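Visitor: I have not looked at this one before. Can you walk me through it?
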Amino acid sequence: MLVTFIALPYYWIRSQWLRRYGSDDQIDRELKMYSRHYFGIRGKTITPVNRPVDPGTCIYLSNHQSHNDIFVTLGIVETPFRFVAKKELFTSFITGSFMKMSRSYPLDREDPRQSLTLLKQALEDTTEGHSLLAFPEGTRSHQKEMVEFKAGMFSVLRKSTVPIVPMYIKNSYKKNTRNYEVFFGEPMLPETFNKLKGTELSLEVKRRMEMLMQQAYQ
């Protein structure tokens with residue numbers, strides 16, 4: 001933790017420059033560097049299981065066990081993406097600059113209308129090649145079992161024109177975890193879920209992620 005705070009000003013200055021002048025490629029490389037440095041200095045690694053080969057623009061949906069998940073996903077998803085995350089991460093002194101640099105989407109959990117508008121914008125941006133990553137639980141579970149999904153998100157995601165890729169991160173809530181295994185499900189194609197209602201899609205995604213959880217702990 002001490003090393004993180006000592007290095008923070010260096011990363012913060014870089015993020016300020018990239019927010020204003022950086023290209024998408026430069027920002028993506030910077031974000032992935034955070035993951036390498038964060039885990040590298042701690043002697044930890046990340047291992048993918050059944051990661052799809054270049055799924056193209058898509059929506060990654062992952063479980064959420066701890067703050068480590070942000071660095072895990074940055075390190076394991078090979079293509080650039082933007083987070084759909086709570087707005088508090090964007091206003092925090094520590095994380096705000098980095099989340100804004102990533103051009104991600106700040107959801108206000110107290111304002112359903114704002115959240116709906118932002119999700120629609122995020123989904124529209126996928127048509128321009130910007131992949132998304134969201135944690136449908138909406139909060140950290142601090143355990144291997146997932147808490148209930150925020151079903152409202154899926155009323156928008158069901159209209160996606162790009163695939164949805166379920167993910168499951170194993171044991172990120174455990175402080176002594178040395179290797180984070182990330183299990184990927186088969187991409188769900190739009191023609192298979194566009195006809196579903198939001199609640200139905202939520203249940204189907206959770207079912208697939210629970211299958212990944214069972215695989216992780218078998």
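This is a predicted model: local features need pLDDT of at least 70, side-chain atom pairs count only at pLDDT 80 or more; totals for chains, interfaces and linings use all residues.

Visitor: Okay. What volume does the largest pocket have?

Guide: The largest pocket has a volume of about 1,500 Å³. Its lining is made up of 49 residues.

Visitor: Which residues lie nearest its centre?

Guide: His 67, Ile 70, Phe 71, Leu 89 and Thr 95 lie nearest the centre of the largest pocket.

Visitor: And which element gives the most to that lining?

Guide: Helix H1 does, with 6 residues in the lining of the largest pocket. Among the elements that supply at least two residues each are also helix H2 (24–40), helix H3 (68–76), strand E3 (81–86) and helix H5 (96–101).

Visitor: How does the lining split by class?

Guide: For the largest pocket, 29 lining residues are nonpolar, 11 are polar and 9 are charged.

Visitor: What about the second largest pocket, what is its volume?

Guide: The second largest pocket comes to about 180 Å³ in volume. Residues that line the second largest pocket include Asp 24, Ile 27, Asp 28, Leu 31, Phe 81 and His 130.

Visitor: Which elements give two or more residues there?

Guide: For the second largest pocket, those elements are H2 and E3. H2 has the largest share of that lining, at 4 residues.

Visitor: And the classes in that one?

Guide: The lining of the second largest pocket has 4 nonpolar, 4 polar and 4 charged residues.

Visitor: Changing topic. How many aromatic pairs does the structure hold?

Guide: There are 11 aromatic pairs in the structure. One of the pairs is Tyr 34 with Phe 98: the ring centres are 5.4 Å apart and the planes are at 80 degrees, so this pair is edge-to-face.

Visitor: Which parts does that pair tie together?

Guide: Tyr 34 is in helix H2 and Phe 98 is in helix H5, so the pair ties together parts that lie 64 residues apart in sequence.

Visitor: Are those two buried or exposed?

Guide: Tyr 34 is buried, because its relative accessible area is 8% and the limit for buried is under 20%. Phe 98, at 12% relative accessibility, also counts as buried.

Visitor: What other pair can you describe?

Guide: Phe 81 and Phe 83 have ring centres 5.0 Å apart and planes at 80 degrees, so that pair is edge-to-face. Phe 81 counts as buried at 8% relative accessibility, and Phe 83 is buried with a relative accessible area of 4%. Phe 81 also turns up in the lining of the second largest pocket.

Visitor: Back to Tyr 34. Which residues form an aromatic cluster with it?

Guide: Tyr 34 forms one aromatic cluster with Tyr 10, Tyr 11 and Phe 98.

Visitor: Which lysines lie over rings?

Guide: Lys 170 lies over the face of Tyr 217, at 5.2 Å from the ring centre. Lys 206 has its charged end over the ring of Phe 149, 5.7 Å from the centre of that ring.

Visitor: Last topic, the loop residue. Where is Glu 128 found?

Guide: Glu 128 is in the loop between helix H6 (112–126) and strand E5 (131–134).

Visitor: Buried or exposed?

Guide: Glu 128 counts as exposed, because its relative accessibility is 57% and exposed means over 50%.

Visitor: How far apart are Glu 128 and Gln 114?

Guide: In sequence, Glu 128 and Gln 114 are 14 residues apart, and in space they are 22 Å apart, C-alpha to C-alpha.

Definitions and conventions. Residues are numbered from 1 along each chain as its sequence is written. Side-chain values use heavy atoms; hydrogens and water are left out. Buried means under 20% relative accessible area, exposed over 50%, partly exposed in between (1.4 Å probe, protein chains only). On a 1 Å grid over the protein atoms alone, a cavity is a set of points where a 1.4 Å probe fits but cannot get out, and a pocket is an open set with protein on both sides within 12 Å along at least five of seven lines; lining residues have an atom within 4 Å of a point. Grid points are joined across faces, edges and corners, and a volume is the space filled by probe spheres set on the points. Ala, Val, Leu, Ile, Met, Phe, Trp, Tyr, Cys and Pro count as nonpolar, Asp, Glu, Lys and Arg as charged, and the others, Gly among them, as polar. Rings of Phe, Tyr and Trp (its six-membered ring) pair if their centres lie within 6.5 Å; planes under 30 degrees apart count as stacked, over 60 as edge-to-face and the rest as tilted. A charge sits over a ring if NZ of Lys or CZ of Arg is within 6 Å of the ring centre and within 35 degrees of the ring normal.
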